Amino acid sequence: MEEQIKKLKEDFYSDFKEKITVTKLEELRIKYLGKKSLLSQLFSQLPNLDKEKKAIFGRKLNALKLEFTTFIEQKSKEIVTEEEKIDLTFPSFYPKRGTKHILSLVSQNICRIFQDLGFVIVEGKEIEDERHNFTALNIPLEHPSRDAFDTFYLDIKPTRDGGNFLLRSHTSPSQIRVMETIKPPLAVISPGRVYRPDKVDASHSFMFFQIEGFVVDRNINFSHLKGVLLYFAKKFFSEDVALRFRPHFFPFTEPSAEVDISCFLCKNQKFSNQKCGVCKGKGWLEILGCGMIHPKVLENCKIDSKKFRGFAFGMGVDRIAMLKFGIGDIRLFYENDLKFLEQF
Ligand code: PHE
């Protein structure tokens, strides 16, 4: 038995002299530790030995078994790390791609519809001055309508001709920025962030997105405005949508209107018994404000209001996205919850 143990040990280590692969290692494990291995056979001979020898060889065989097992385990760890390093068949790292934010998607989709009509995109400034945000838009400092555009003023030294700096409360100052630098004809779409110190709730946020659009040319009239907005509504919501213009007031447009679309979910079936979840049974959804650019606004930008006329409109991207996708809370757009964002 002594001899056999010695031989077994020698064989074991000489078998491990060559390069070992994962399969080879498994073969050797079976050869030396498996049920039919020499070691098992030696173990099965133990009962035939006398008491003293049984104890001695029992201990030796157990020690050998432990030695083989630890050696094989150690080898297996080495091989795995080594093979991992060079295994070219391993799946490669696949980066998870992000997606555009729903508000970017909606804003881009809206802009694209107007671009198809020949409008060009111009980005305005988020930090504006009183002149561009109010005065040039025919909203004088003491005008009560300024209350509707509650504003964040910035603690920066005011400019001589522009007055105080502020975070723009609407995208309409883009009209001024363009009209004071580029001569008509103009067809411009201007998307971006706007800020109002509103208390945050399901439908208000202190920062949200608007898209301004305007056209200035000779002989522009209200029916051009209606036609362009109807084209937009059909493309963005659905072909069978209807528009409703309600008279309204904005200091920078005259006449002014608020525009509703017929509910694209219930198709304006306001008399049906079930209340529609989108329009709450009203049949109409307000989507934007618009009007013919006030002659004073044109004059403020040194455009001759006897020769040129224009129309303008402004819409809230958040509101339109909420309507289109049935989202009930504006805060969802700004919480960065992937479970929400990944749906778009
Ligand atoms: N600036 C207006 C608002 O924020 C929207 C508007 C834009 C209305 C252009 C008429 C013309 O409510």
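Colleague: Of the 15 residues around the ligand, which come nearest?

Modeller: His170, Ser172, Arg196, Gln210 and Glu212 come nearest among the 15 residues around the ligand; a residue counts as near if one of its heavy atoms lies within 4 Å of the molecule. Please note that this is a predicted model, in which local features need pLDDT of at least 70, side-chain atom pairs count only at pLDDT 80 or more, and totals for chains, interfaces and linings use all residues. Residues are numbered from 1 along each chain as its sequence is written, and side-chain values use heavy atoms, with hydrogens and water left out.

Colleague: Which atom of the ligand is 3.0 Å from the side chain of His170?

Modeller: A nitrogen atom of the ligand is 3.0 Å from an N or O atom in the His170 side chain. Ser172 has a polar side-chain atom 3.0 Å from a nitrogen atom of the ligand, and Arg196 has a polar side-chain atom 3.0 Å from an oxygen atom of the ligand.

Colleague: And how much of the ligand does the protein bury?

Modeller: The protein buries 91% of the 330 Å² that the ligand exposes when taken alone. These areas come from the Shrake-Rupley method with a 1.4 Å probe.

Colleague: Which strands each supply at least two residues of that shell?

Modeller: They are β6 (207-217), β9 (284-293) and β10 (309-316), strands being DSSP runs of E with at least two residues and helices DSSP runs of H or I with at least four, numbered from the N terminus. β10 gives the most, with three residues.

Colleague: Changing topic: how many aromatic pairs are there in the whole structure?

Modeller: A search finds 21 aromatic pairs. Rings of Phe, Tyr and Trp (its six-membered ring) pair if their centres lie within 6.5 Å; planes under 30 degrees apart count as stacked, over 60 as edge-to-face and the rest as tilted. Phe232 and Phe236 are a stacked pair, because their ring centres are 5.7 Å apart and their planes are at 20 degrees.

Colleague: Where do Phe232 and Phe236 lie?

Modeller: Both lie in helix α8 (residues 222-236), four residues apart, about one turn of the helix. Phe232 is buried at 0% relative accessibility, and Phe236 is buried at 5%; buried means under 20% relative accessible area, exposed over 50%, and partly exposed in between (1.4 Å probe, protein chains only).

Colleague: Which residues form an aromatic cluster with those two?

Modeller: One cluster is formed by Phe114, Phe119, Phe232, Phe236, Phe237, Phe264 and Phe313.

Colleague: Which charged end sits over the ring of Phe236?

Modeller: That of Lys324, 4.4 Å from the ring centre. A charge sits over a ring if NZ of Lys or CZ of Arg is within 6 Å of the ring centre and within 35 degrees of the ring normal. Lys226 lies over the face of Phe245, at 5.4 Å from the ring centre.

Colleague: What is phi of Lys280, and is the residue buried or exposed?

Modeller: Phi of Lys280 is positive, about 55 degrees, although Lys280 is not a glycine. Lys280 is exposed, with a relative accessible area of 54%, and its place is in the loop between β8 and β9.

Notes
A polar contact is a pair of N or O atoms within 3.5 Å; within protein, one must be able to donate a hydrogen and the other to accept it, and residues adjacent in sequence count only if both atoms are side-chain atoms.
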